[in-house]
2 protein chains.
Amino acid sequence: MTADITAAKAALAHLDLVDAETPVRAASRDFFWYSPVLKARLDHVTADFVVRPRTEAEVIEVLKACYQHDVPVTTRGAGTGNYGQAMPFEGGCVLHLNRMTEVREIAPGRVVVEPGCLLKDLDAACGETGQEIRMFSSTWATATIGGFIAGGSGGVGSVTWGSLRDLGNIIRLRVVTMEAEPRVLDFTGEELARVSHAYGTNGIITEIEMPLAPAYDWVDIFVASEDFGAAMALADDLANEDGLLIKLASVYEAPTAHAYFQRVRPHASESDHLVGLMVAPHSMDGFVTFLARRPGVRMIYRSDDHNWPRGPGPVFEYGWNHTTLRALKVDPSITYLQVRYGFPDHRALVEEIRDTFPGECIQHLEAIRAHGKVGFAGLTLVKFSTEERLDEIIRIHEEKGAMVFNPHRYTLEEGGRQTVDDVQLAFKREADPKGLLNPGKMIAWDDPDWAYERMYAYPRMQAAE
Amino acid sequence: MTADITAAKAALAHLDLVDAETPVRAASRDFFWYSPVLKARLDHVTADFVVRPRTEAEVIEVLKACYQHDVPVTTRGAGTGNYGQAMPFEGGCVLHLNRMTEVREIAPGRVVVEPGCLLKDLDAACGETGQEIRMFSSTWATATIGGFIAGGSGGVGSVTWGSLRDLGNIIRLRVVTMEAEPRVLDFTGEELARVSHAYGTNGIITEIEMPLAPAYDWVDIFVASEDFGAAMALADDLANEDGLLIKLASVYEAPTAHAYFQRVRPHASESDHLVGLMVAPHSMDGFVTFLARRPGVRMIYRSDDHNWPRGPGPVFEYGWNHTTLRALKVDPSITYLQVRYGFPDHRALVEEIRDTFPGECIQHLEAIRAHGKVGFAGLTLVKFSTEERLDEIIRIHEEKGAMVFNPHRYTLEEGGRQTVDDVQLAFKREADPKGLLNPGKMIAWDDPDWAYERMYAYPRMQAAE
Ligand SMILES: Cc1cc2nc3c(=O)[nH]c(=O)nc-3n(C[C@H](O)[C@H](O)[C@H](O)COP(=O)(O)OP(=O)(O)OC[C@H]3O[C@@H](n4cnc5c(N)ncnc54)[C@H](O)[C@@H]3O)c2cc1C
Ligand SMILES: Cc1cc2nc3c(=O)[nH]c(=O)nc-3n(C[C@H](O)[C@H](O)[C@H](O)COP(=O)(O)OP(=O)(O)OC[C@H]3O[C@@H](n4cnc5c(N)ncnc54)[C@H](O)[C@@H]3O)c2cc1C
């Protein structure tokens, strides 16, 4: 099976197709370079051409032509993923959805939208009805809703609503298959798991129905404390205050605020741990009451009432994976981990792990609900030395009982629970029989007997020049 | 200190004042008769006159005149309380607030309203902005917002938002004191605890600011199961599904549905346990998926799609204390308890207690959030035999670790945690120096050394004729 790039390009020439090296290379990259491990392996990857469909009918045309000519297709929203998810390991076609941006319908509690709509544009549209999406990636300003669903997991809002994968957080997905005659399927209920967080390996999402929450003028807040335990407890306890509505509760161990958050630096010392919060305006009175009950913490910023000469910008752009970005910019030797500290032992486990890697790991926690209980997602900052040490740090985390979603791997399995997702695999068999969709991302498809003893290396990866 | 009723009436004659026996007696009663214990003690209680102020200024007039003439004042919303809270034990004046019903301001996330507004009218007004109150008593159709705050605790919506007393569930209360010159005070933050759930013993609430939630066309649902554990787990697990938005999850042990819910009876057998739910319409797909995963449960009713010849009416009017009402109507020997089964042992504790009183107690549970975790409020149906046995049943509950809020007592302390509320007491000293507001409801005021060894009997209680 050899890709006939020339034939596919000819068949699609009437569409918005680009094959010039520079723009194609730009559209073939994502934020894989957060990981030194992935940077060493993926930096050279590039597609042969990029197509930007305007409609579902054009998506179907692309898939049909690429199917016929055996050309791999890697879908791209905005390319803000961190694991090379949107990178075309075998070259071929990048299907760039940034022209499919229509918000089709807004009703109380729900919205129907095309996949290429930016999260911020989606919120702007929903805002006209006093609504907003329940949760968003901290790349709200640049990422697409389709990329969030196919490649993301949760984020700002997950402290209330849990993760994208939780029942009810996606209502319906419309999906086009990669076959001789692509089918268009509407998925709800159990079917949603087939394509959510599947990296576009088994179908292209062309329409999305999501639940909405009420939109508020969230108050952005920073609280500082010299006591890490107090900062962590503040975030955890606040997320457990049933009457106080929040959208974000992040904890940054010192010296993150002082060392990496330039606008915060004048207001926080090197030993200050920081808590970043988004609180509903009508919960502010209650929040202030809550805060006054806690010794050893001080509110250094609230967006509705402050005298900072230079405001910090949205607090959520300090949280989730923006923390890593800010740290990286200052110290390029930094990388990160994705850890889960599950209720009820989450605080103790964080403390234990914190004690284990002094100077090497800096705790960054996001309060998040799972199964109805508040725990922490950790996006720990790590001073990178070697790949071996990074693997060792992960192993120690796991030994202590923290689950790690390894962000230094490019396959669905290694970035997840290291097990085959049978639902996704079964649907790939049906929807992508030639295995052309985003190749190299699903080990179960390529190598069913893989034993996860070392990092998977996709055998058909483009050769570095 | 003897009340000069005649002088007070004369001073207030220009207001809407009634002193005819029948209407005064009607405005002097609440739903105390749910309790055989209270029925035996309070049935005769009646005021001397009733005043219905139209404005805060008139409230002040009433309080001033009654203060001057040493006349007790008992405030009344709609008189749907269950513990004689709104009953004038020493006679005097009933201050009936059912004319102060103005909804003053609605903004995103908040409403300002007068206390006499019915919960249903408040929701109707908020509905025009797509909003509704976070939680309401199941007496939504008849009770006032002021009575709910001064006499209630939570209800429909507490599965998401916790209890009224939780930080953030009341924003501001405006209160008039009972002094020679009544003061008007605005309370927020910690001050709210002074007068919330204080039965009007230390100030009259004349304006209320409450948080709002988005309004949805909630889908009413009944699910039946032959397995009590499965029914209980369904309610608990659903309340822990972060992505599924619900407003109510009630569990009714068999034979409640068959024996007491007449419209449900044709659809549920004697051995069917029932779960009553309110689910947001945009969470219905996810809910149906959730339900299909659970063996041994069957949805027998959903309000958006059913073929019952006679609909059951709002499902919330089967929950909270409406369950007791429905049971009482069929079997007058039934009374009830108010129990708390706290996370994490709530299910096991319910099972244990259920095994302890076969045939005598029928479990009725409401899933409710406390400190961020889902547990149960039990409004257990009890076949009443004697007061002694009722006390014994309560004692056994407490011994097993369930907290009981005794609904067969008329004082704040005995209906609560049997301890003095220092905040409320301190404010009463300040705001009601003569002790004229709703006398007999606060033991700490009347008898600071009371030891809670037996039921408190207010010494100045009106004599039965
Ligand atoms: C600074 C920073 C912060 C971040 N914070 C978060 C966070 O808080 N939470 C979070 O979950 N992630 C986070 N991420 C990761 C990423 O930004 C998000 O997951 C984002 O939502 C991805 O959207 P995108 O449009 O950039 O998708 P892309 O990166 O373009 O695509 C992501 C994956 O989805 C596939 N895909 C895209 N569109 C479709 C489609 N229509 N059909 C099928 N497959 C498709 C792609 O092939 C790819 O595999 C962060 C990344 C950065 C760099
Ligand atoms: C069938 C049934 C179901 C119920 N379900 C629930 C439930 O789900 N949740 C719940 O919490 N309760 C419940 N209750 C109890 C009661 O209905 C509620 O608490 C209700 O909100 C009380 O409102 P009301 O207007 O009837 O108050 P009232 O009974 O008139 O007053 C209650 C108390 O508040 C005081 N008060 C009233 N207004 C003011 C004011 N403006 N300022 C100061 N004090 C004031 C009164 O003096 C009295 O002590 C139920 C009762 C019944 C009969």
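What follows is a conversation about how the chains of this predicted model meet and about some of its local features.

Trainee: Before we look at details, what mean pLDDT does chain A have?

Mentor: Happy to start there, since this is a predicted model. For the model as a whole, ipTM is 0.97 and pTM is 0.97. In chain A, 100% of the residues reach a pLDDT of 70 or more, and the mean is 97.

Trainee: Do the copies meet through the same surface or different ones, and why?

Mentor: Chain A brings 39 residues to the contact, and chain B brings 39 residues. Of the interface residues of chain A, 100% are also interface residues in chain B, so the copies meet through the same surface.

Trainee: Which residues of chain A lose the most area to chain B?

Mentor: The two chains bury about 3100 Å² between them, and carbon and sulfur atoms give 52% of that area. On the side of chain A, three residues together make up 25% of what is buried, and they lose the most area to chain B: A:Leu167, A:Asp242 and A:His282.

Trainee: Which residue forms a salt bridge with A:Arg293?

Mentor: Across the interface of chain A and chain B there are two salt bridges. In one of them, the closest N and O atoms are 2.7 Å apart, and the partner of A:Arg293 is B:Glu190.

Trainee: Which element gives the largest share of the side of chain A that touches chain B?

Mentor: Between chain A and chain B, 14 residue pairs are in polar contact. The elements of chain A that give two or more residues to this side are α7 (158-161), β10 (204-214), α10 (284-292) and β18 (364-370). The largest share, four residues, comes from α10(A).

Trainee: How many residues apart are A:Asp16 and A:Arg52?

Mentor: Over all chains the count is 78 salt bridges, and the side chains of A:Asp16 and A:Arg52 form one with an N to O distance of 3.2 Å. A:Asp16 lies in the loop between α1 (5-11) and β1 (17-18) of chain A, while A:Arg52 lies in the loop between β2 (49-51) and α4 (56-68) of chain A. The pair therefore links distant parts of the chain, 36 residues apart.

Trainee: Which residue does a cis peptide bond join to A:Ala254?

Mentor: Most peptide bonds are trans. This one has an omega of about 5 degrees.

Trainee: What is phi of B:Tyr199 near?

Mentor: Most residues other than glycine have a negative phi. B:Tyr199 is in the loop between β9 (184-187) and β10 (204-214) of chain B. Its phi is positive, near 60 degrees.

Conventions
Residues numbered from 1 in each chain as written. Chains lettered and ligands numbered in written order. Predicted model: local features only at pLDDT ≥ 70, side-chain atom pairs only at ≥ 80, totals over all residues. Heavy atoms only, no water. Contact = heavy atoms within 4.5 Å. Buried area = accessible area lost by both parts, 1.4 Å probe. Salt bridge = Lys/Arg side-chain N within 4 Å of Asp/Glu carboxyl O. Polar contact = N/O pair within 3.5 Å; in protein donor to acceptor, adjacent residues only side chain to side chain. pLDDT = per-residue confidence, 0-100.
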